[in-house]
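Please read the points below alongside the sequence and the structure, taking them one at a time. Each point names the residues or elements concerned, so that you can find them for yourself.

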Amino acid sequence: MLQYIARRLLLAIPTMLVVSVVVFLMLHLVPGDPAIVFFGDQPVTPERLEMVRRQMGLHRPLVVQYLGYVGGIFRGDLGTSIHHRTPVAEEVLSRIPSSAELALAAFIVAVALGLGLGLLSALKRGTWIDATAMLAALGGVSMPIFWLSAMLIFVFSLKLRWFPATGFGGWDRLVLPAAALGFISSATLARLVRSSVLEVLWQPFVTTARSKGLREAVVIRRHVLKNAFIAVITVMGLQFGTLLSGAVITETVFARPGVGKLLVDAILNKDFPIVQGAVLFIALVYIIINLLVDVSYAYLDPRIRFD
Amino acid sequence: MRSPWRIALRRLLRSKGAVLGGTILVFLVLAAIAAPLLTPYEPLAMSPGDRLQPPNLRHLLGTDIFGRDMFTRVLFGSRISLQTGLISVTIALVLGVPMGLLSGFYGSLTDRLIMRLVDLMLTFPGILLALVIVAILGPDLFNAMLAVGISASPTYARVVRATVLSAKEHVYVEAARAVGCSNARIMVRHIMPNTAAPIIVLGTLGVGGAIISAAALSYLGLGARPPQPEWGALLSEGRNYLRVAWWMTTFPGLAIMTAVLSINLLGDGLRDALDPRLRS
């Protein structure tokens, strides 16, 4: 097992390096002079432009510039925000609590809803319960999250005044965004849980478990769910990607000061150092989550370790 | 005549969901084409006297802050949004299918290079890659379509590659090679038809996803710009008037959901009819 984890960790390193290359190149892929991009929409004199070119080291070869950038990352230096004149690393770090809170809460909602709806519709296959649950899941796949969020705000904060519509801090500000993001992310999961439970439900070992007199609840928990779970875990990893990108939009709708909102605002303000920092951060989180998913996958299914 | 396509069509027509989805979709497309005939108003015509009217007989879905008829704007928006979905998926196919074909057919170094690129693109979750592309190209509707298309392409590349890997082992491919067909001819004439079924299924479902992604970019201010009546842009306009004009937000959202739901129903039906193995 340790060997497997070590191998997967080693494999993640080149991926992270390539991601850093892509993020570094972003600034140079923008049509036009990176120094002008650096100033965004602000007017600038030629002298000042030349000075920034020197400061940014744009006269040096790309490889040298890249090595400088990566060196900076290891020292925790991601550059300086054009808009706020603050260190990018500081900006990103200060936004993590809000995003982490939302991601965690939404993930719990998504897993609870996805498992619940999927299991329920598999066990009640062909009934109206099954049909309703799958219709809800199909709705979740087809509904834009920014619209669901707006409707939740309209009903629960503007009309009923149960929860505040925007901001960060306190559980009452978390309920609506977590519900919106969790519901949207649960849809795919519910469909997958249903099909993997159905697949396992008629296997001989389940019939054996039943015929030896186990209670139905025990059969489901110990024999059906445990086996259906392996497929579910993989999708949960993928779903976390959906959740991360959904969070970008959810944070904007609910005006939550998270990394996603930071990224969108920075793109709108053409604040490239921040865009780079936020993209780098989200991609790294995604790589780490997938690593954890792979490891837990190997833990649950010994066949994978000895592949 | 019992060609596989005919059998698939019969199976498709037996699926209630697919027929329902297909019917709604045909209806939406016809409405988009006939848009100017279905409304007496212009999508961009302002009428300050009619500001923020709730839904009524003259304005079925109400009016916005400038007195523009919301029904007209949503209707004309369907032209933009449905096209956006189609164009994005076309871009994804144009990029993804050749990548998958070359990768699966040639194997070895070509395969490894292309699959590394695909893996790299998949390192950026969901809409993040699209955001990166829009950040580089600058925000406008065409760039948003390009971004959504590029970020969807690796999925197609993977599916096509997997299909090619099994298809190229068939005896008729060996036969084609024996009679002297070129690699290009074998790929296009003998292997590519095998990828049609999974591409039709994924492409259909992809149009729905692309409509949502492009609308999301427009909603964030990174795609279609006001006064363009794209559905995401309409929602973005409605955001600030939620308290006083719920109809500005509700109806464009319902339009997106109806379109995407019908596409998903049709796509699910196509998947069951064409390729039961793709069922997740």
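1. Ser236(B) lies in helix α11 of chain B, which covers residues 231-238. Keep in mind, here and in every later point, that this is a predicted model. Ser236(B) counts as buried because it has 24 C-beta neighbours inside 10 Å, and the cut-off for calling a residue buried is 20 or more.

2. Which residues does Ser236(B) touch, once its neighbours within four places in sequence are left aside? The contacts that remain are with Ser218(B), Tyr219(B) and Gly221(B). A related distance can be checked on the display: Leu217(B) is 19 residues away from Ser236(B) along the chain, and the C-alpha atoms of these two residues are separated by 10 Å.

3. Staying with chain B, helix α8 (residues 171-178) packs with helix α9 (residues 183-191) at an angle of about 145°, and their axes are 11 Å apart. On the α8(B) side the contact is made by Tyr172(B), Val173(B), Ala176(B) and Arg177(B), while α9(B) supplies Ile186(B), His190(B) and Ile191(B). The crossing of α8(B) past α9(B) is right-handed.

4. In chain A, helix α1 (residues 2-29) and helix α12 (residues 272-300) pack with their axes 10 Å apart and at an angle of about 165°. Angles over 145 degrees count as roughly antiparallel, and α1(A) is therefore roughly antiparallel to α12(A). As in the pair described above, the crossing is right-handed, with α1(A) passing α12(A).

5. The residues that meet between these two helices of chain A include Tyr4(A), Arg8(A), Val19(A) and Leu27(A) from α1(A), and Phe272(A), Leu284(A), Asp294(A) and Ala298(A) from α12(A). Taken as a whole, the contact of α1(A) with α12(A) divides into 17 nonpolar, 3 polar and 2 charged residues.

Methods. Residues are numbered from 1 along each chain as its sequence is written. Chains are lettered from A and ligands numbered from 1 in the order in which they are written. This is a predicted model: local features need pLDDT of at least 70, side-chain atom pairs count only at pLDDT 80 or more; totals for chains, interfaces and linings use all residues. Axes are lines fitted to C-alpha atoms, for helices over the stretch in contact, and angles run from 0 to 180 degrees between N-to-C directions. Helices (H or I, at least four residues) and strands (E, at least two) are DSSP runs, numbered from the N terminus. Angles under 35 degrees count as roughly parallel, over 145 as roughly antiparallel, 65 to 115 as roughly perpendicular and the rest as oblique. A crossing is left-handed if the near helix is turned anticlockwise from the far one by less than a right angle, and right-handed if clockwise. Two residues are in contact if their C-beta atoms, placed from the backbone, lie within 7 Å. Ala, Val, Leu, Ile, Met, Phe, Trp, Tyr, Cys and Pro count as nonpolar, Asp, Glu, Lys and Arg as charged, and the others, Gly among them, as polar. A residue is buried if 20 or more other C-beta atoms lie within 10 Å of its own, exposed if 12 or fewer, and partly exposed in between; C-beta atoms are placed from the backbone.
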